[in-house]
Amino acid sequence: MTDYQNTSSGNHGGNHVQASYVDRLVMNVMNEAAQPKRPLWDVSRALHGPFVNHDDACAYAGKVYRETALEGRPGSLYVIGPRGVGKSAFGVEAAYLLRSLYRESASEQGDEEGGAARSDERGVWGLHVDLDEQRAAGAEAGNHAFLGDALASLLRDLGMPGDEVPPTLRERSREFRRITGEESCIVIVEGIASAREADLFATGDGSMVLLTGRGEIAGLRRRNVPTVRLPALRSDDALALLRGFDGPGERLARLIDAEPEAARALADRCGGLPLALQIVGAYLSMRPEETPASVVARLDAAGTRLPEELDRLVEAEEGEPRLDEVIALGFGDLRSDAAQRLYRALGDLPGRRVHEGLPAALLGSLEEARDALGRLVRSCLMAAEGGGRYRWEPLIRHDAYRRAQAEPDERRRDARERAVGWYTSALAKADRSMGMGGGRSRATAAHGDAAAAREITAPFGDAEGEALAWVGEVLDAVPALMALAVESGRRRDALVMAESCWYGVHELRRGSVGTEIFRHGGEIARAEADPVAAARMDNYLARALVDDGELDEAAQVLATALDEAPREWERAVLLETRGLLHKDRGEFDAAEADLQERRRINEELGELRALAIDGYQIGGLHLSAGDLAAARSELEAVRAMAEERQATDGDWRSLAAKTEARLAQAYLRSGDPEAALAAGTAALQAFGEAAPSLRKADALAVMARAQGRMGDTGDPGGLGDANAARTWAATAARLYRRHHLYEKAEGLADLLG
């Protein structure tokens, strides 16, 4: 094994590393890459009672799947039905049926080929996205930008890293179609409103999409897209579903058997809608004094007065379902002032998912919140998802919203202020947690730190990625929450919420909602006469626009912001973003001018780490432009700065690792493979065993290419072994393919021959 000393004397390659450590790290990476990719199944059953609805429709879905996806063609099915009929439940049940058909087909093919079943090798992916939920979170009417976010979410679920998600809606749709043509997928997309939306989620060969919507779409009909119209349950099916909600005492079964005609009348009053039957079943189960006949009488009597109280969702004409009255029945069954207050308060807030920490803030204690949430779940007004998470149906949320409108202004204002305070603290905590950027809210640091220090029931734990996942869930609701903060006179909280979202917006490629958040944040900062915060928001807005490929609009934002920038420090931040924008456009001279001006400002301010970042960015710019000598000079200077500080500072360690990786590329391109190998191994060590797999892949690819150029040094099994080049290249290629970076993987083909 080649002896790599732990000094940097006399070798311009820079850091040297202990070979034994790298061997261990590389072996770990190889083991990780060798593991088969496990398809994600993000479709969970959340049904109460047996699924008795629409056997014929399920059979038709299976027929379409057999004739399309299982034959190697793209499949699609459009499911139409009114609110509350069970489209979501049908989509889930159909997805499970299709998965079983895939497994049967895979097993048969495995038997025919005399080898392992295909399902053991690859499996089928199950993906789900709810466009209605994003609309409910506050998407503006006519604004379809959230569709890009939905596609970005699906691409990430399929393994694409955030920084590889394409910027435009068209490109994201094309990538989704390509990847689902390479991986067998079953995709549920709820809430389709047009043929254009349906086209965006079209899958590739061998995959199928289940689309749901409330009405017929002419464009899909003209294209003969297979369609299933879900009717309300027939009486017998409705009663069977009602029995499925029964408890251990089988009270519902006894009542149905004792009063069959009244039970049928009750099913008719529910319109055969599973949602209404669920609420009625819960009501009867918990009220020993009630019977089907008494509930029918109650619903019929309620029909004369509820229209004055609620905005009607389904007009209760003769023979039509009394859905509003059924929901009101469940609300009255709560038997708890706290539960009813919570129901109304949550209805006044955006979003369909709720973490128990929010009700704890609204009611004043976690114990009281859990009791109230339990009552809502038992009355079937909300569903428990586990881990302190809850969700309700749009129809029920609408009822809660209408009830909230009748609340006294003082009570509504108090609930909104409590909610704003909780969300501000939770987002600030996420921003400062491990993996969320380590305190990025600079412009409102004092207020943000105070918010993060508040004692709340946080919606995420300490596990890596939990904070980012939660931020991803609530991003769509943040613009509406910011509006609530402004209405409550808490503009500073609105700014903290906005800034705390930056890392999630950037990492999850949620540029569409990000532009809405940061544009609103800029307006708030200007209304507050806070030019420092305004400059910060404009910078976030421009970065989000760059991530989404909207370079011209980003340039306009930056031009205005630079004219208004109050201090040199804010100007330096904006210049970095404009430099990156010019780089994306291929305008290298303009990019260097911006970055050099930023460097001058940071030199005057004495900002050491900012100067290191300047060197890193300028070095990368020279590398992109092909000026390798200048790139090496800049990056080696950054390395020297980082070497002195990385032992005690995580930010410097991260910068040092990225600098080594970039230096390895510069050395390799300038014809110094030995230095490239040393820098690549140093980067691999600095990233650590827990580094993202793409960083490992990039480092290993450079090491493999460098070793390939050096040839065999005659040291079997060591860093100088020519076989190592093939091993590293194979490992990097597997990691690249896992993330669908096929061009990068194919670029290593010459080392694998």
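Predicted model: local features only at pLDDT ≥ 70, side-chain atom pairs only at ≥ 80, totals over all residues.
Biologist: How do you know how far to trust the chain?

Modeller: We look at pLDDT, the predictor's confidence in each residue, from 0 to 100. The protein chain has a mean of 83, and 84% of its residues reach 70 or more. Helix α18 (residues 357–363) has the highest confidence, at 97, while helix α15 (residues 306–309) has the lowest, at a mean of 34.

Biologist: What is the pLDDT over residues 114–121, and how many contacts does this stretch have beyond near neighbours in sequence?

Modeller: There the pLDDT is below 50, and the model shows 13 contacts for the stretch beyond near neighbours in sequence. Residues 435–439 also have pLDDT below 50, with 13 contacts counted in that way.

Biologist: Okay, on to the strands. What makes β1 and β4 a pair?

Modeller: Two strands pair if there are at least two bridges between them. Strand β1 (residues 75–80) and strand β4 (residues 208–213) are joined by six bridges, so they pass that cut-off. They run parallel, and Ser 76 stands opposite Val 209 in β4.

Biologist: Which sheet do they belong to, and why are β2 and β5 called edges?

Modeller: It's an open sheet of five strands, in the order β2-β3-β4-β1-β5, with parallel pairing. β2 (125–130) and β5 (227–229) each have a single partner strand, so one side of each has no neighbour in the sheet. From one strand to the next, the twist averages 15 degrees.

Biologist: What makes you say helix α2 packs on that sheet?

Modeller: Contact means heavy atoms within 4.5 Å. Helix α2 (residues 55–67) touches β1, β3 (185–190), β4 and β5, and its direction makes about 160 degrees with that of β1.

Biologist: How do you know β6 and β8 are paired?

Modeller: The cut-off is at least two bridges, and β6 and strand β8 (residues 389–391) have three, in the antiparallel sense, so they count as a pair. Arg 353 has Arg 391 in β8 as its bridge partner. The open sheet here has three strands in the order β6-β8-β7, with antiparallel pairing. β6 (353–355) and β7 (383–386) are its edge strands, each pairing on one side only.

Biologist: Where does Arg 353 turn up again, and why is that space called a cavity?

Modeller: Arg 353 is in the lining of the second largest cavity, along with residues including Leu 346, Trp 392 and Tyr 423. The space is called a cavity because a 1.4 Å probe fits there but cannot get out. About 60 Å³ of space lies inside. By class, the lining has seven nonpolar, one polar and one charged residues.

Methods: Residues numbered from 1 in each chain as written. Heavy atoms only, no water. 1 Å grid on protein atoms, 1.4 Å probe; cavity = no way out; pocket = protein on both sides within 12 Å on 5 of 7 lines; lining within 4 Å. Points joined across faces, edges and corners; volume = space filled by probe spheres on them. Nonpolar A, V, L, I, M, F, W, Y, C, P; charged D, E, K, R; others polar. Helix = DSSP H or I, 4+ residues; strand = E, 2+ residues; numbered from the N terminus. Axes fitted to C-alpha atoms, helices over the stretch in contact; angles between N-to-C directions.
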